[in-house]
Structures are given as structure tokens and as C-alpha cells.
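Here are my notes on the model you sent. They run as numbered points, and each can be checked against the coordinates.

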Amino acid sequence: MLEVRGVSKNFGGVKAVNNASFSVEDRQIHGLIGPNGAGKTTMINLISGLLSVSNGEIEVDGQPIHTLAAETRAKMGVGRTFQNLRLFHNLSVRRNIEVAEIQVKKQVNIDAGLVEDAIDRFGLRGALDQSPGSLPYGQMRRLEIVRALALRPKVLMLDEPAAGMNPEETDALFENLTWLRQRHPCSIILIEHDLKFIMSACDMLTVMNMGSVLASGLPREVTKNKEVIDAYLGQSQQTPQEEN
């Protein structure tokens, strides 16, 4: 569903992303992890079109998108949330969602019930007429996800969706992502530092470090990779069998 091939992003003499390649399969939850400054959010910005690539190619569902405007990519099925919340505080919760949904209303075979189901599932039904700024932080996070889902994305990118959430909210987010994959046919890219959450939620992992892809594969395999342990996980992440 998503193919990133040899993508680089230069800011002057700094390579924020350096010749990175990875792929995400259809309906897969794919974790993108690594230390702070590894290039994860920059990669999301490159896929969504917020930044332009310096080199390389990006395809979604077999179609090249790396030369297209961000709004065109969104209409083609590239949805995202942000590490720092970007909600329209001058609009109601309902209007925040409708701003996204109106972009795809004319599409043939659109799933008209998806957004209403998501509003209920993510606990926003009673807040539709409120301002986003009046919501608790965890609920604002959920609103961003529902707004991105209103695009009926083929690829949904979530940048640290569990940040600032308490354990109960994080557990609910895990259940909602499981529901989402069953309810809507999309692939999910998940940036998150909560390794327990990542290991439970993700089918595959890609690890970035200093702008490059360090490893990709099954979570259990990637977290045993020595380079990944040295660069990101640390010795404390070794399993009891490895310590023995």
C-alpha cells in the first residue's frame, strides 16, 4: 500500500532523512520507531506532502505521490495526525471532522457510515458541538484521529497518538486501532515511544536512526537486532533469555 524508495531530505548541509526505504502492506499496522531526532516525523511530513523530498520516490497503492501537493495526497487517501495537536479551535468538534470529510464527499462508493461509527467508538458523540479546546487532552487526540479518518484514508499516519495519555486511555487507543483496522481497509503507520504499546499493536517495525533506516521486520526480530539495541532500545530491553 505504501512504498518509500531511497527517500532523502536535506536542510542545507543537514540530511534529516538519508536514502530511506521501507514498505507497508495493505491493512498492516506498521510501527516507525527510533530515538528523538531520528527522522520519523520528517518522514511522515515527506509522505503527507508537508515537506518535499530532496531525492527518492513515494508510492501509495501503486501511484507515485512524491511530486503532488499535500491536499492532493490527502484526497488520494493519505491521512495523518500531528505530534503537536493541530485542531481548528475556532470550529466545533463536528466542523473539525466535516472539514476533512467534505474533501472526499464526491467519491464513488464512499463509506457514509464510517465517520458516525468512529465518532461513537472514539467517544466524541457528546462533544460534537463543543470547541476542541474545551476537551480533555486525550479526547483532543482522539478527535485528530477521527478527523484524519474522515478522509477515508488508504494510509493513516499517527504521530505519537498516545503521547500524554494515561494507561487507561492508551489501552482504549489500542482497542480502537484494532477496531479501525477491522472497520476500514487502511494501512496504519504508528510513531510511538511506548514500546509496550508498539509491540502489542504493530505487525511490522521500521527503526530509524540519524535519518537512515536501521532495520525493518517483525517486532520480535527487530528488537533483538544488536544495532537497534545499541542505538535505541538499550541493554535494559533485552529479554530474560538473552540476559541469561
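1. R27 is partly exposed, because its relative accessible area is 39%, between the 20% and 50% cut-offs. This is a predicted model, so please read every value here as computed from it. R27 sits in the loop between strand 2 and strand 3, the latter spanning 29–33. Its backbone deserves a look. Phi of R27 is near 60°, which is positive in a residue other than glycine. Most residues other than glycine have a negative phi.

2. N19 shows a positive phi as well, near 50°, and is not a glycine. Here the setting is a strand: N19 belongs to strand 2, residues 14–24. Is N19 buried or exposed? N19 is exposed, because its relative accessible area is 53% and the cut-off for exposed is over 50%.

3. Next, the overall fold. The protein chain has 10 helices and 10 strands. Its C-alpha atoms fill a box of roughly 55 × 40 × 30 Å along the principal axes. The radius of gyration is 18 Å, which agrees with the value near 18 Å for a compact globule of 244 residues. Of the 244 residues, 49% count as buried.

4. Sequence separation matters for the contacts. Take the contacts between residues at least 6 apart in sequence: 68% of them join residues at least 24 apart.

5. The accessible surface comes to about 11400 Å². Carbon and sulfur atoms account for 48% of that surface. The chain carries 26 positive and 29 negative side chains. The centres of the two sets lie 5 Å apart.

6. Which residues have the most contacts inside the largest nonpolar core? They are I97, L177, I188 and L190, in a core of 49 residues. Helix 5, residues 137–149, supplies the largest share of this core, with 6 residues.

7. Beyond four places in sequence, I97 touches V115, I119, L128, L143, V146, R147 and A150. Two of these partners, L143 and V146, have numbers that fall within helix 5, residues 137–149.

8. Helix 1, residues 40–48, is largely enclosed by the rest of the structure, because 8 of its 9 residues are buried. The buried residues are K40, T42, M43, I44, N45, L46, I47 and S48. The list includes K40, a lysine, and N45, an asparagine. After helix 1 comes G49, with a positive phi near 95°.

9. S48 lies in helix 1. S48 counts as buried because its relative accessibility is 8%, under the 20% cut-off. Which residues does S48 contact, leaving aside neighbours within four places in sequence? The partners are A70, R73, V78, R80 and M157. S48 and G138 are 90 residues apart in sequence, and their C-alpha atoms are 24 Å apart in space.

10. R183 is found in helix 6, residues 167–183. R183 is partly exposed, because its relative accessible area is 25%. Leaving aside neighbours within four places, R183 is in contact with D111, G113, L114 and D117. Two of those partners, D111 and D117, are aspartates. R183 and P136 are 47 residues apart in sequence and 26 Å apart in space, C-alpha to C-alpha.

11. Y232 is placed in helix 9, residues 226–233. Y232 counts as buried, because its relative accessibility is 18% and the cut-off is under 20%. How far apart in space are Y232 and I33, C-alpha to C-alpha? The distance is 8.8 Å, although 199 residues separate Y232 and I33 in sequence. Y232 touches I33, G34, P35, E192, H193 and L195, not counting residues up to four places away. I33 is a residue of strand 3, which spans 29–33.

Definitions and conventions
Residues numbered from 1 in each chain as written. Predicted model: local features only at pLDDT ≥ 70, side-chain atom pairs only at ≥ 80, totals over all residues. Heavy atoms only, no water. Helix = DSSP H or I, 4+ residues; strand = E, 2+ residues; numbered from the N terminus. Rg over C-alpha atoms; globule rule 2.2 N^0.38 Å. Buried < 20%, exposed > 50% of the residue type's maximum accessible area, 1.4 Å probe, protein only. Contact = heavy atoms within 4.5 Å. Areas by Shrake-Rupley, 256 points an atom, 1.4 Å probe, with all protein chains shown as cover. Lys, Arg positive; Asp, Glu negative; His and termini not counted. Charge placed at Lys NZ, Arg CZ, Asp CG, Glu CD. Core = buried A, V, L, I, M, F, W, Y, C linked by side-chain atoms within 4.5 Å.
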